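Subject: Structure for you to look at

Hello,

Here is the structure I said I would pass on. Please open it first, then read the notes below it.

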Amino acid sequence: MEEQLKQLQDEAVMKAAAAQDLKELNDVRVAYLGKKGPVTEVLKGMGRLSAEERPKMGALVNVVREAITKAIETKQVSLESEAIQKQLAEESIDVTLPGRPVKLGGPHPLTRVTEEIEDLFIGMGYTVAEGPEVEQDYYNFEALNLPKGHPARDMQDTFYLTPELLMRTHTSPVQVRTMLKHEGKGPVKIICPGKVYRRDSDDATHSHQFNQIEGLVVGENIRMSDLKGTLDAFAKKMFGPDREIRLRPSFFPFTEPSVEVDVSCMCGGKGCSICKGTGWIEVLGAGMVHPNVLEMAGFDSTVYSGFAFGMGQERIAMLKYGVDDIRHFYTNDLRFLQQFSVHE
Ligand code: PHE
């Protein structure tokens, strides 16, 4: 029996040492020390031994059990530390590697221009008003003195969704909606930025979708000179203090009189490719709000008068930054956009 026990001990110690992982080691523990294991079997057979032999055998079994337990524990410690070492090696970070650059975005040039114009007018006491891009024919045309069949509708080729519903061709309908909210009481002083749509073929200077900012002031004693002063202040802040404006007679059904507004060119009047040798660049349309428009929006045109103007951010951005093709704004080429991502 002694022999048998010794052999068991050697066998178990060897197997414990050879275990590849914690599971195998546990199998060894169960096999040799478990309830059905050989060591327990020996203990069970002790009843058959004589009174002198029993304590000797008992002591021996304990020695064997301890030896096996110790071998298993030792192996367990070494397997566990091996696992930690392995994990550490796998998860090690090379702190000497160069970092990956983080690409910072910036506001789109059109967003920049829009915000710049907004800030400028907010500084002059205007508030920002917005409205829907899918608009009713009434607000986009009829309430702006453009009844159905009016030839001036041809000035703005329109995407119709139904005979009464269209993609707005300008942000003027927001002005109508705002005036109606005022229920005939002034003053109204707003700018309306937003996307607008026209059935134009896209080329270097046309896009079927573009951005506009329109302004509207309605009050008592609002005169053409107020319009001129406002636009002069706008031009100087937007393009530089030495820029001038000039007004040329024009036509819009919703304003009377109507003007086209030019800003003097950066060449100082010498003539260059941007101003095509004229010294002036057309930047916006404007005029005194037509009495019909005021009346339709609920204002008494004998008491109230107003001016309105409208401009396209694309055109302003093209002039300000020297961009030669409107499509650059929409194709999202990072080489183009990155030139504007200056981080203030
Ligand atoms: N709504 C006009 C357009 O888009 C611009 C404009 C606005 C002209 C206000 C005059 C007054 O063409």
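The protein chain is assigned two domains: domain 1 covers 2–90 and domain 2 covers 109–340. Keep in mind that this is a predicted model. The centres of the two domains, taken over C-alpha atoms, are 91 Å apart.

Overall shape comes next. The C-alpha trace spans about 130 × 50 × 35 Å along its principal axes. The radius of gyration of the protein chain is 43 Å, whereas a compact globule of 344 residues would have one near 20 Å.

As for secondary structure, the protein chain contains 11 helices and 10 strands. Of the contacts between residues at least 6 apart in sequence, 66% link residues that are at least 24 apart.

Buried residues account for 42% of the 344 residues. There are 40 positive and 50 negative side chains, and the centres of these two sets are 4 Å apart.

I also looked at one residue, Ala152. It sits in the loop between helix 6 (137–140) and strand 3 (160–162). Is Ala152 buried or exposed? Its relative accessibility is 11%, so Ala152 counts as buried, the cut-off being under 20%. Leaving aside residues up to four places away in sequence, Ala152 touches Leu146, Phe251 and Pro253. Leu5 is 147 residues from Ala152 in sequence, and their C-alpha atoms are 112 Å apart in space.

Regards

Note on methods: Residues are numbered from 1 along each chain as its sequence is written. This is a predicted model: local features need pLDDT of at least 70, side-chain atom pairs count only at pLDDT 80 or more; totals for chains, interfaces and linings use all residues. Side-chain values use heavy atoms; hydrogens and water are left out. Domain bounds come from an automatic or database domain assignment. Helices (H or I, at least four residues) and strands (E, at least two) are DSSP runs, numbered from the N terminus. Buried means under 20% relative accessible area, exposed over 50%, partly exposed in between (1.4 Å probe, protein chains only). Contact means heavy atoms within 4.5 Å. The radius of gyration is taken over C-alpha atoms; the globule rule is 2.2 Å times the number of residues to the power 0.38. Lys and Arg count as positive and Asp and Glu as negative; His and the chain ends are not counted. The place of a charge is taken as NZ of Lys, CZ of Arg, CG of Asp or CD of Glu.
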